Amino acid sequence: MIINLDEIDSTNEYLKRMSNDGYNSDEMLVVTAQYQTAGKGRRGRSWVTEPGTALMFSVLLKPRLKLDDCSMLTLVMALAVKRSLSDMDIEAMIKWPNDIVLNKKKICGILTEAIAETGQMIIGVGINTNQESMPEDLSLSATSILMETDDCIDHDSLLDNIIYHLEKLTQSVYDTGDLSLLRKEYEDSLVSMNTAVTVLDPAGEYDGICKGIDDRGQLIVEHEKKETRVYAGEVSVRGIYGYV
Ligand code: ATP
């Protein structure tokens with residue numbers, strides 16, 4: 001089912017309220033909004049777009065995974081978006097764990113939230129589709145598909161295709177309980193694969209070489225001749241010279 005809204009605080013918050021009010025179905029529920037007054041990123045940061053110019057939606061689902069494993073679905077959604085853009089001949093890359101980049105700038109952010117009480121999960125997505133420019137403070141790290149390709153994106157068909165891929169990809173994760181079948185495809189799309197990255201860990205920043213992901217979606221970084229597993233929770237990863 002898809003609910004289309006004109007304006008909302010945030011599509012994730014809308015679904016959280018639905019879940020708290022008792023909505024609990026095995027089917028995915030999708031909500032889209034033309035405009036979010038309080039769009040969210042990770043760790044309390046904000047997500048900003050002009051009305052109608054971006055595809056913003058959230059999906060409420062009941063993952064057949066342990067709560068601890070649900071963060072893998074962030075990477076699964078990134079693959080669903082990447083595959084859908086690829087179907088339109090737009091070759092974007094993934095910046096682990098939750099961003100899609102085009103020409104090294106961010107065109108999509110993904111915010112996954114688990115609702116422990118109900119075992120449900122919300123995956124929110126914002127894709128910069130048809131903006132003609134970016135706000136000045138984001139212009140070094142962010143762009144839109146229109147700005148990069150001159151293609152104007154039809155939101156309904158892009159969303160349908162993302163949901164199609166998401167359903168297929170989640171099934172593969174439920175079958176194995178991990179990302180083993182998707183790992184290669186994700187690594188082939190990983191913008192920093194085999195390159196130098198800076199891991200912005202609140203416990204201490206360090207540089208290393210990105211070696212891919214493990215079957216649970218943790219980033220593998222070679223640092224001081226040892227392989228470190230980076231868990232997405234509190235950490236951001238940058239290219240050594242900039243955002244990517
Ligand atoms: P990081 O690599 O820093 O961890 P992130 O992917 O976790 O990035 P999010 O929390 O998903 O970042 O997104 C919030 C950030 O995205 C904001 O701090 C802001 O810099 C940036 N941002 C906000 N709106 C947009 C937008 N429309 N397009 C691209 N980036 C945006």
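Me: A pocket is an open set of points on a 1 Å grid over the protein atoms alone, where a 1.4 Å probe fits, with protein on both sides within 12 Å along at least five of seven lines. Which pocket does the ligand take here?

Reply: A molecule sits in a pocket if more than half of its atoms lie within 2 Å of the grid points. Here the ligand takes the largest pocket. Note that this is a predicted model: local features need pLDDT of at least 70, side-chain atom pairs count only at pLDDT 80 or more, and totals for chains, interfaces and linings use all residues. Residues are numbered from 1 along each chain as its sequence is written, and side-chain values use heavy atoms, with hydrogens and water left out.

Me: Which side chains have polar atoms by the ligand's oxygen atoms?

Reply: Look for polar contacts, pairs of N or O atoms within 3.5 Å. Asp99 has a polar side-chain atom 2.7 Å from a ligand oxygen. For Lys106, a side-chain N or O atom is 3.1 Å from an oxygen of the ligand.

Me: What lines the largest pocket?

Reply: Start with volume, the space filled by probe spheres set on the grid points. The largest pocket holds about 620 Å³. Lining residues have an atom within 4 Å of a point. There are 36, and Gly41, Arg42, Ser46, Trp47 and Lys106 are closest to the centre. Helix 1 (11-20) and strand 3 (54-61) are among the elements that give two or more residues to this lining. By class, the lining has 13 nonpolar, 15 polar and eight charged residues.

Me: Which element gives the most to the second largest pocket's lining?

Reply: Strand 6, with five residues. This pocket holds about 480 Å³. It has 26 lining residues, with Ser71, Thr74, Thr112, Tyr231 and Gly233 nearest its centre. Twelve are nonpolar, seven polar and seven charged.

Key
A polar contact is a pair of N or O atoms within 3.5 Å; within protein, one must be able to donate a hydrogen and the other to accept it, and residues adjacent in sequence count only if both atoms are side-chain atoms. Helices (H or I, at least four residues) and strands (E, at least two) are DSSP runs, numbered from the N terminus. Ala, Val, Leu, Ile, Met, Phe, Trp, Tyr, Cys and Pro count as nonpolar, Asp, Glu, Lys and Arg as charged, and the others, Gly among them, as polar.
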